[in-house]
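Here's a quick walk through a fold, written for someone who likes to check each point against the coordinates. Have the viewer open and follow along.

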Amino acid sequence: MGFRLKRRHMIDFLFPVALFFVFALSAVTLILLAAGIYRSTTENSSLQYTSRTGLAYLSEKIHQCDENGGVYLGTLDGCDALILEQQYGEDVYRTYIYIWEENLKELFIKDGVEASAENGRTILEVRDFIVEQLTESLFRFECTDMEERTSTAFIGVRSTR
């Protein structure tokens, strides 16, 4: 009775090693592709943040002040501004939203108080901000961020002057 010894070939060693390297290379390639996609997605998201956030903020402010014709266009220190007017008790207050030195600013003051455009609180750094009243109850807003990306919003008001 003789035992047969199984003879080992070089291919018995090379095939599993080659298979391992193909698997490892595929895994590394997949990870690099996923990292590139993630990076571009987060980059685009952060680039769109400025202009879209400004318009979302503006939309919310308008909806908060949309009563008794309290939303209209005007000027502050020679700057075109969106004016949001509200009454608290006996007093009338105005919120001015405007662009000043490449900053979208907001200034909340009591009616009759003198103020300068530079006194406003900075909301966002933007290249340009355009407000246009299309109809009595429809406004068009265009916000351009520092990378020259532009977002546009149309916002309707329910109360008019």
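## Rings, sheet and cores

The count comes to six aromatic pairs, where rings of Phe, Tyr and Trp (its six-membered ring) pair if their centres lie within 6.5 Å, with planes under 30 degrees apart called stacked, over 60 edge-to-face and the rest tilted. F129 and F141 are a stacked pair, since their ring centres sit 6.3 Å apart with the planes at 20°. F129 belongs to strand β6 (residues 128-135) and F141 to strand β7, so the pair ties together parts that are twelve residues apart in sequence. Elsewhere, Y88, Y93 and F108 make up one aromatic cluster.

A word on ground rules. This is a predicted model, so local features need pLDDT of at least 70 and side-chain atom pairs count only at pLDDT 80 or more, while totals for chains, interfaces and linings use all residues. Residues are numbered from 1 along each chain as its sequence is written, and side-chain values use heavy atoms, leaving out hydrogens and water.

Now the sheet. Helices (H or I, at least four residues) and strands (E, at least two) are DSSP runs, numbered from the N terminus, and two strands pair if DSSP finds at least two bridges between them. There's an open sheet of five strands in the order β1-β2-β3-β4-β5, with antiparallel pairing. Its edge strands, each pairing on one side only, are β1 (71-76) and β5 (121-125).

Two hairpins are worth a look. β2 and β3 pair over eight bridges in the antiparallel sense, and Q87 has V92 in β3 as its bridge partner. Two residues separate these strands in the hairpin, and G89 in the turn has a positive phi of about 65°. Eight bridges also join β3 (residues 91-100) to the antiparallel β4 (residues 103-110); here I99 is partnered by L104, and W100 stands opposite N103. That hairpin has two residues between its strands as well, with E101 in the turn at a positive phi of about 50°.

What about the interior? In soluble globular proteins, nonpolar side chains tend to be buried together. A nonpolar core here is a set of buried Ala, Val, Leu, Ile, Met, Phe, Trp, Tyr and Cys residues joined through side-chain atoms within 4.5 Å. The largest one has 18 residues, of which I62, L82 and F141 touch the most other members. The elements giving it two or more residues are α1 (10-64), β2 (79-88), β7 (138-144) and β8 (150-156). Leaving out residues up to four places away in sequence, I62 touches V71, L82, L84, F141, I155 and V157, contact meaning heavy atoms within 4.5 Å. A second, separate core holds ten residues, including I83, Y96, L107 and A117.

T95 lies in β3 and, neighbours within four places aside, is in contact with K61, L82, I83, L84, E106, L107 and F108.

Here are some buried residues; buried means under 20% relative accessible area, exposed over 50% and partly exposed in between (1.4 Å probe, protein chains only).

| Residue | Relative accessible area |
|---|---|
| C79 | 12% |
| C143 | 0% |
| F129 | 8% |
| F141 | 0% |
| T95 | 2% |

Finally, the cysteines. The structure holds zero disulfides, a disulfide being a pair of cysteine sulfur atoms within 2.5 Å. For C79, the nearest cysteine sulfur is that of C143, 15 Å away.
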